[in-house]
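I list what I looked up and what came back.

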Amino acid sequence: MNSSTSSSMLTSASASSAGAVRALSLELKGLQTTPVEGFTVTASDDNIFVWTVAIFGPPGTLYQGGYFKAVLKFPPNYPYAPPSVKFLSKVWHPNVYENGDLCISILHPPVDDPHSGELACERWNPTQNVRTILLSVISLLNEPNTSSPANVDASVMYRRWKESNGKDDEYARIVRKQVELTRVDAEKDGVVVPETLEEYCVKTTPKQNDDEVDAFDLDEDYYDYGDESGIHFPLPFRFRP
């Protein structure tokens with residue numbers, strides 16, 4: 001590889017990373033200014049590519065009252081490549097590996113893989129963002145994909161629980177126990193976990209400061225984070241049997 005080619009590659013990589021910093025900074029600011037029901041996010045003080053996430057278990061599900069912590073790690077070419085999600089809290093779920101790694105279609109690279117059973121539209125594309133990722137994760141908690149499980153034992157237990165209309169409750173008992181354990185973390189972090197649908201909904205009135213100068217000189221309309229009312233409604237969760 002000659003010096004000109006190497007220099008060109010470095011320039012391209014640098015531009016890609018700068019674009020990712022810009023996109024992530026804007027998304028973070030949008031989510032902090034106009035929160036979305038179901039989760040909170042914070043970025044590492046010294047690394048915009050690493051975010052800490054707190055996901056609240058949705059009301060009317062086995063995960064109600066849960067406080068599940070996770071880490072989002074973004075690649076330098078985000079949003080053209082997906083981030084990874086790893087739960088720090090114990091999560092017994094068909095689509096979560098035992099080490100906490102999450103397996104969900106929206107985070108799979110948009111490559112042609114006829115053996116995966118996934119449609120191309122279900123995989124990652126650059127129009128996705130942190131908001132759509134985490135809302136998909138919250139939905140997945142209550143509606144697992146058991147056709148290609150990351151945790152086979154959890155998948156078998158879930159199907160037995162579902163098919164028995166809750167009579168075989170081994171899966172439910174494990175999940176509820178984990179929910180109780182997460183309450184300890186919530187207390188340590190000083191977090192009040194929403195329990196009811198009313199508490200789960202987020203109503204915000206974003207504050208506008210005309211004098212505020214964004215460090216990255218970002219366009220506020222780059223992404224859309226909701227309607228102008230500032231009121232976000234939760235996903236249509238299905239109630240457990």
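Which exposed residues does the face of H4 turned away from its buried side carry? I found Lys177, Leu181, Glu187 and Lys188 there, with exposed meaning over 50% relative accessible area, buried under 20% and partly exposed in between (1.4 Å probe, protein chains only).

Ground rules, noted before going on. The model is predicted, so I took local features only at pLDDT of at least 70 and side-chain atom pairs only at pLDDT 80 or more, while totals for chains, interfaces and linings use all residues. Residues are numbered from 1 along each chain as its sequence is written, and side-chain values use heavy atoms, with hydrogens and water left out.

Entry: helix H4. I took helices (H or I, at least four residues) and strands (E, at least two) as DSSP runs, numbered from the N terminus. H4 runs over residues 170-189, which is 20 residues. From first C-alpha to last I get 30 Å, close to the expected 28 Å; the expected span is 1.5 Å times one less than the number of residues. I listed the buried residues of H4 as Tyr171, Ala172, Val175, Gln178, Val179, Thr182 and Ala186. They lie on the same side of H4 because they cover an arc of only 125° around the axis, the arc being that of the directions from the helix axis to the C-beta atoms. An α-helix has 3.6 residues a turn, so residues three or four places apart point the same way. I noted strand E3 (67-73) and helix H3 (152-163) among what covers the buried residues of H4.

Entry: Val191 sits in the loop between H4 and helix H5 (197-200). I have Val191 as partly exposed, at a relative accessible area of 26%. Beyond four places in sequence, Val191 is in contact (heavy atoms within 4.5 Å) with Phe56, Tyr67 and Ala186. Val191 and Tyr67 are 124 residues apart in sequence, yet 8.8 Å apart in space, C-alpha to C-alpha.

Entry: the core. I define a nonpolar core as buried Ala, Val, Leu, Ile, Met, Phe, Trp, Tyr and Cys residues joined through side-chain atoms within 4.5 Å. The largest such core has 52 residues, and Phe39 and Ile55 have the most contacts inside it. H2 gives the largest share, eight residues.

Entry: UniProt, in an unreviewed entry, places the feature "active site" at Cys103; positions are in the numbering used here, feature names are shortened, and annotations may be inferred rather than shown by experiment. I located Cys103 in the loop between strand E4 (84-87) and helix H2 (130-142). Cys103 is buried, at 18% relative accessible area. Among the residues that Cys103 touches are Asn95, Tyr97 and His108. Asn95 is also in the loop between E4 and H2, and I have Asn95 as buried at 1%.

Entry: I counted zero disulfides, taking one as a pair of cysteine sulfur atoms within 2.5 Å. Cys201 is partly exposed, at 23% relative accessibility.
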